[in-house]
Amino acid sequence: MVSELVRTGIRVEGVVQGVGFRPFVYGLAVSLGLAGLVGNDVDGVFAEVEGEAEAIGKFLALLRQQAPPLARIERVSTTALSPTGQSDFVIEASQPAGERRALVSPDSATCADCLRELADPADRRYRYPFINCTNCGPRFTIIRDVPYDRALTTMSGFAMCADCAAEYHDPADRRFHAQPVCCPACGPELVLTDAAGKQLSGAADALAAAAELIRAGQVLAVKGLGGYHLMVDAANEAAAAALRVRKHREDKPFAVMVPDVAAARRLADLDETAEQMLTSARRPVVLVPRHAAAAGEVAPSVAPGNTHLGLLLPYTPLHHLLLAAVGRPIVATSGNVSDEPIAYRDADALTRLARIADAFLMHDRAIHVRADDSVARAIGGRQVVLRRSRGHAPEPLRVGPEFRRPVLACGAELKNTFCLAKGNRAFISHHIGDLENAETLAAFTAGIEHYRRLFDIEPRVVAHDLHPDYLSTKYAADLAGVELVGVQHHHAHIASCLADNDADGPVIGVAFDGTGYGLDGTIWGGEFLIASLASFDRAGCLEPVPMPGGAAAIRQPWRMAAVYLAAAYPDGVAGNLAVRSRNNQNWAAVAKMARREINSPLTSSAGRLFDAAAALIGVRDTINYEGQAAIELEQIADPAERSGYQAAVGTDGLVRVRGSDLIRAAAEDLAAGTARPAVAARFHNGVAGAVVATCGVLRDRHNLGVVALSGGVFQNLLFTSAVVAGLRRAGFEVLTHGRVPCNDGGISLGQAMVAGARDRALSG
Ligand code: ZN
Ligand code: ZN
Ligand code: FE
């Protein structure tokens, strides 16, 4: 007996366009003997399949299991239809009208199939630096508008040759509807120019000539996927040092691009998680512990005094070819001067990088959106994102509770991202940068407009930081016809951590960072909050201290050592402390400034406490980049040291942790001749112990057993490990960040979650 025919309508939501989903569906249906159709529309992919019920069941199972590598299926829904008696399977043309809900894919590293063709002398794309297919290549950074179609990308100016067009239109081909498809006959070309923009080499030999320049110790600006890199031979000290001077980047480590995992292993310790991240299609910079033995391969100026290296593997065909031609690891740092946004437009790059780069390796495929490299590290077998940008953006986070009205969250000031949210999706932007100058502000504003268009989100609710002077706050205040929601900085951190873990609280939130505007007008940054998405109470904090000179105290950690020592020794510091002798000239003046509360705002910042310890222990008195003192303090600490200093925890009302106790204990240990690595570790363990003790007090008071950890201080692996271990020993469930940065890059998501929760509360 012939079983009855069934027809099923299928809708697939998620990242399903521009990733080879329709040919995949076509192939799957045909292999199972099913008739029907598949197409793209504004919601994603729709299909209808007709055949025996069993085959359709198999089809639905395999749809998820065998989806193309870049596809991210969020939801599959089905409806029963009447069979039509159709006998073939067809791919329908795109339907661009209507509300836009399909998702734009992030950029993706060159796939294995393309790499094989790149290396095959018989292939027509042999050594072609722009080879790509539906499984790999540029996406977000070349898309000007949706639907994702070649005409709306920066490939629109390149007419496909007959060979490329044939592949593009063949459902059985890997390049079926691959929008950036191209070849040497019809696609973009390389050019090598000098610093003045004068051509040195054309497409035929630009790459070999560029590699030769790097090998000769020159600084090369190289156009990548989301912007320009500056590249030098990683083993060449003179080149790396010159790059530092020209970029005005004193100490902040450069990332190093290595040809493959084997090369990465020669330079650093990789665990399984780090290796997975390095080789993933997202291709972030991965922070890994470096081998001392590899010193010859990495010049001292690449990552001065750093026990870790930021490594990344090539992610475009151009990178692969260049690495192979240079034959050794190369520095790949962002193409900018100090803290400006990276250059991504050719003319802008030639202007801004003219005094940094000796030559430019460029091409004629425009970058539409700037996207910095993402940064990640492995913590306890977990992938932890520290900067979520190229390879991630604009993929949304699917969040539990629905947004009632569309939300725009403007983020913080440093490491800014913004977030647009609607329905169950939160679109966190690529890394915008430090919102401190006109150029970054312009990137922020243009970025918001772009996301609004791409995802068809018209925000009704706009969330912002409480700091009145942040440019992101001012941007929000200038918007007309929207409801503004101010979100306290540390509440946003905790809400971000909750969203990262699909939780909604209430929890004990520990928000430790450098700076955030407090409800009382002081600078917060060592906070214990009883928080849910909608609201919070400040339940505890580090005992506030003055910050003599305001921002100067951030740049000069020795000032924080001075105020913490003054708090630790109210009757005057005993003995002769090295930090004091090193800064003797200004010590008394700074102490007096703090005592008299002149230009000395109060702060409960954990970042400043770590700064004080770093200066006291002799790590450094002044910094050249954000967080430097704390990073170096972590690196000198002895991880085997188990003991920790004790801090008093005052439980009268607001719980207060007396950080000066830790500083006094460290000063006494130093005076007694204890080695600095032990002192640094005991300080870390002491802060961690105080966090655990405070959470214990709050558990008893509020009957809560879950702790959420957020804020930039939790980028400190040693500290975070100690806190997590201590909390677990004390029986807490601990939530930490993974998919979203714990630093201010995650603030926009937290703001959106808070605004969304308040919006729901208002309506309900
Ligand atoms: Zn490919
Ligand atoms: Zn072609
Ligand atoms: Fe923060």
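Figure 1. F444 is buried, with a relative accessible area of 0%. The model shown here is predicted. Y475 has a relative accessibility of 12% and therefore also counts as buried, since the cut-off for buried is under 20%. The ring centres of F444 and Y475 are 5.1 Å apart and the planes stand at 80 degrees, so this pair is edge-to-face. F444 belongs to helix α11 and Y475 to helix α12 (residues 471-477); the pair links distant parts of the chain, 31 residues apart.

**Figure 2. Aromatic pairs and the stacked rings of F427 and F455.** The whole structure contains 16 aromatic pairs. One of them is formed by F427 and F455, which are stacked, with 4.1 Å from centre to centre and 20 degrees between the planes. Because F427 lies in strand β18 (residues 419-428) and F455 in helix α11 (residues 438-455), the pair ties together parts that are 28 residues apart in sequence. Both F427 and F455 are buried.

**Figure 3. A cluster of linked rings.** Ring pairs join F140, F418, F427, F444, Y451, F455 and Y475 into a cluster. The cluster includes the stacked rings F427 and F455, and also the edge-to-face rings F444 and Y475.

**Figure 4. R390 over Y315.** R390 lies over the face of Y315. The distance from the ring centre of Y315 is 3.5 Å.

**Figure 5. R538 over W524.** The ring of W524 has the charged end of R538 over it. This charged end of R538 is 3.9 Å from the centre of the W524 ring.

Note on methods:
Residues are numbered from 1 along each chain as its sequence is written. Chains are lettered from A and ligands numbered from 1 in the order in which they are written. This is a predicted model: local features need pLDDT of at least 70, side-chain atom pairs count only at pLDDT 80 or more; totals for chains, interfaces and linings use all residues. Side-chain values use heavy atoms; hydrogens and water are left out. Rings of Phe, Tyr and Trp (its six-membered ring) pair if their centres lie within 6.5 Å; planes under 30 degrees apart count as stacked, over 60 as edge-to-face and the rest as tilted. Helices (H or I, at least four residues) and strands (E, at least two) are DSSP runs, numbered from the N terminus. Buried means under 20% relative accessible area, exposed over 50%, partly exposed in between (1.4 Å probe, protein chains only). A charge sits over a ring if NZ of Lys or CZ of Arg is within 6 Å of the ring centre and within 35 degrees of the ring normal.
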